[in-house]
Amino acid sequence: MDRHRDRRRPANWHPRPGAPVPGPAVVFDLDGVISDASHRQPLLRGPALDWEGFFAAAVDDPPIPAGVGLTRATAADHAAVILTARPSWLAAPTLDWLTANRVRCDLLILRPPEDRRPAASFKRHELGRLRAAGYEIAAAIDDDERIVAMYRAEGVLALYVHSGYYER
Ligand SMILES: [Mg+2]
């Protein structure tokens, strides 16, 4: 336990050192928006879903240049928040990947251990915590239509990116 850790900050939040205090923000999904996960999608097909293998292979994702560019094009007075349903054990390799691929990220949020809720429920919960912490969400970008619908229901301008990972 890091006793210097800010007690108000959830354990699954990973702010960039020196990141600005909460204020206007844009929320990005990671897989299918910034990170190209198509090479590991076959692990989620068939009768035995290999979630562990699926997430472990994330370190080999190529970047999606347009998505990386969107993070870097985010206005300087807005925080770039990456909210992903990747599990928390991927925090360190994900932070390394973001740095290596020059993704702008002021705050990375992953799914806490033992959280088995649908991704849209997890992200709705984190949206509430972001707002409670003082983040004003100007827009959100996701490749899961259920999550886009959740953002819109919560009054967030949400943009859909078609990754093709989700069957219609
Ligand atoms: Mg996604």
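Figure 1. Alanine 158 is buried, as 20 other C-beta atoms lie within 10 Å, in a model that is predicted rather than determined by experiment. This residue belongs to strand S6. Setting aside neighbours within four places in sequence, the contacts of alanine 158 are Ala140, Asp142, Val148, Tyr151 and Arg152. Alanine 138 lies 20 residues away from alanine 158 in sequence, and the two C-alpha atoms are 9.0 Å apart.

**Figure 2. The whole protein.** Five helices and six strands make up the secondary structure. Read from the N terminus, the order of elements is β-β-α-α-β-α-β-α-β-α-β. The radius of gyration is 15 Å, close to the 15 Å given by the globule rule for 168 residues, so the protein is as compact as a globular protein of that length. Along the principal axes, the C-alpha atoms fill a box of roughly 45 × 35 × 30 Å. Buried residues make up 33% of the 168. Among contacts with a separation of 6 or more, 73% are between residues 24 or more positions apart.

**Figure 3. The largest nonpolar core.** This core has 32 residues, and those with the most contacts inside it are Ala25, Val27, Phe28, Val81, Ile82, Cys105 and Ile137. At least two core residues come from each of strand S2 (24-28), strand S3 (79-87), strand S4 (107-111), helix H4 (119-132), strand S5 (136-142) and helix H5 (145-153). S3 supplies the largest share, five residues. In soluble globular proteins, nonpolar side chains tend to be buried together. What does isoleucine 137 contact, leaving aside its neighbours within four places in sequence? The contacts of isoleucine 137 are Ala25, Val27, Leu127, Leu130, Arg131 and Val156.

**Figure 4. Strand S2 and its two partners.** Four of the five residues of S2 are buried, so this strand is largely enclosed by the rest of the structure. S2 runs parallel to S5, and five bridges join the two.

**Figure 5. Strand S4 and its two partners.** Five of the five residues of S4 are buried, so S4 is largely enclosed by the rest of the structure. Strand S1 (residues 13-15) is antiparallel to S4 and is joined to it by three bridges. In this pairing, proline 15 stands opposite leucine 107 of S4. S3 is parallel to S4, with four bridges between them. Proline 87 has arginine 111 of S4 as its bridge partner. Together, S3, helix H3 (residues 91-100) and S4 make a right-handed β-α-β unit.

**Figure 6. The buried side of helix H5.** Which residues of H5 are buried? They are Ile147, Val148, Met150 and Tyr151. These residues cover an arc of only 160 degrees around the axis, which puts them on the same side of H5. An α-helix has 3.6 residues a turn, so residues three or four places apart point the same way. The cover over the buried residues of H5 includes H4, S5 and strand S6 (158-160). Val148 and Tyr151 are also among the contacts of alanine 158, the residue of S6 shown in Figure 1. H5 is followed by glycine 155, whose phi is positive, near 80 degrees.

**Figure 7. Two loop residues with a positive phi.** Most residues other than glycine have a negative phi. Arginine 102 has a positive phi, near 55 degrees, and is not a glycine. This arginine is in the loop between H3 and S4. Is arginine 102 buried or exposed? Arginine 102 counts as exposed, with 11 C-beta neighbours inside 10 Å. Glutamate 114, also not a glycine, has a positive phi of about 70 degrees. The place of this glutamate is in the loop between S4 and H4. Glutamate 114 has 7 C-beta neighbours inside 10 Å and counts as exposed.

Conventions: Residues numbered from 1 in each chain as written. Core = buried A, V, L, I, M, F, W, Y, C linked by C-beta atoms within 7 Å. Buried ≥ 20, exposed ≤ 12 C-beta atoms within 10 Å, placed from the backbone. Contact = placed C-beta atoms within 7 Å. Rg over C-alpha atoms; globule rule 2.2 N^0.38 Å. Pairing = 2+ DSSP bridges. Arc of directions from axis to C-beta. Right-handed = clockwise from strand over helix to strand, strands pointing away.
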